[in-house]
Amino acid sequence: MKKIAIVGAGSMAEAFISGILENGLIARNNIWVTNHSNETRLAGLKERYGIRSTYDLKILFEDADIVMLAMKPKDADSAIDRIREHLTEQMLVVSVLAGVSMNTIETLARKSLSIARAMPNTSAAVGKSATAIAVNSRITNHQLETTKQLFGTVGLARFVEEGQLDAVTGLSGSGPAYIYYLIEAMENSAAEIGLEKEMAKELIVQTLIGAAEMVRNSSKSSEQLRLDVTSPGGTTEAGIRVLEKHGVQQAFISCIQAATAQSKKMGNTLEAQLKVGTST
Ligand SMILES: NC(=O)C1=CN([C@@H]2O[C@H](COP(=O)(O)OP(=O)(O)OC[C@H]3O[C@@H](n4cnc5c(N)ncnc54)[C@H](OP(=O)(O)O)[C@@H]3O)[C@@H](O)[C@H]2O)C=CC1
Ligand SMILES: O=C(O)[C@@H]1CCC=N1
């Protein structure tokens, strides 16, 4: 990889900058970033990571072999319109924009492009994203490998069909929030049952890490692992009985279904707006 031009300098962009540098994927002077207008933010990124920034699009895209789109989906229309003359068919265009299809990106750019469209999650900030990636047919084998390496710097990366990205968004894109919601409940209960906040937090975090590692490493199903904790007539049984009474498992299933449906709906709405925008 020679040079990456990142358009959008928010938290997702920073997670990738940090991941790329930690993994030595691209030299810091070949990582270029731009944003809409927040110069202080660009100065901060330059200072923290020793990377480069510019508002001069010619400099930004000169010799770039990877372009990352990392603005908010609502800004995709104006941002892509601004950069489109600098995009070439030889570049790998990587998009993390939720709900913006590869077709729409090509429509906005008014040209055919090699695109990898991904749904990471915010754990990219600590190199632990669960990312799903779809690619279009123009991607070369080399670009596919580059995509794998790039997303590998911020965590786990798996390839899916583009049609599956709404489900991925509902499951693992929004997923960290579901887990934080559970942690909030565990933290609140700790206060109720008389445990000191900081210590309770340590115990909760370690419990989550341990359970996740068990699911990852054990040959047993997660249901069997749960049953292994549950002694007949014991404490876990008493607790789980309450969760079942409140339909918590079904609530999680409905939650993921609702998030998936919302992703589909937002994508369709956005696509309609963006396409209207390009034809007027
Ligand atoms: N948060 C999440 O859980 C996930 C987010 N994503 C996706 O990641 C993308 C980025 O999100 P996030 O990092 O949170 O966003 P932020 O709001 O933190 O950052 C957005 C950036 O885009 C810049 N920008 C806006 N308009 C333009 C433009 N016309 N040209 C260049 N840059 C522009 C902004 O610049 P300025 O500050 O100057 O306005 C800012 O630097 C989104 O598309 C989102 O869908 C994907 C997966 C998960
Ligand atoms: O809530 C959202 O819309 C975004 C997409 C995935 C995570 N956050």
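Helices (H or I, at least four residues) and strands (E, at least two) are DSSP runs, numbered from the N terminus. The model is predicted: local features need pLDDT of at least 70, side-chain atom pairs count only at pLDDT 80 or more, and totals for chains, interfaces and linings use all residues. Residues are numbered from 1 along each chain as its sequence is written, and chains are lettered from A and ligands numbered from 1 in the order in which they are written.

**Exercise 1.** Describe the shell around ligand 1.

*Solution.* Start with the count. 29 residues surround ligand 1 (C-beta atom, placed from the backbone, within 6 Å). The closest are Gly8, Gly10, Asn35, His36 and Ala98. Next, find the helices. H1 (11–22) and H4 (76–83) each give the shell at least two residues. Last, sort by class. The shell has 13 nonpolar, 12 polar and four charged residues. Here Ala, Val, Leu, Ile, Met, Phe, Trp, Tyr, Cys and Pro count as nonpolar, Asp, Glu, Lys and Arg as charged, and the others, Gly among them, as polar.

**Exercise 2.** Which residues surround ligand 2, and what are their classes?

*Solution.* List them: Ala98, Thr169, Gly173 and Ser174. Then sort: one is nonpolar, three are polar and none is charged.
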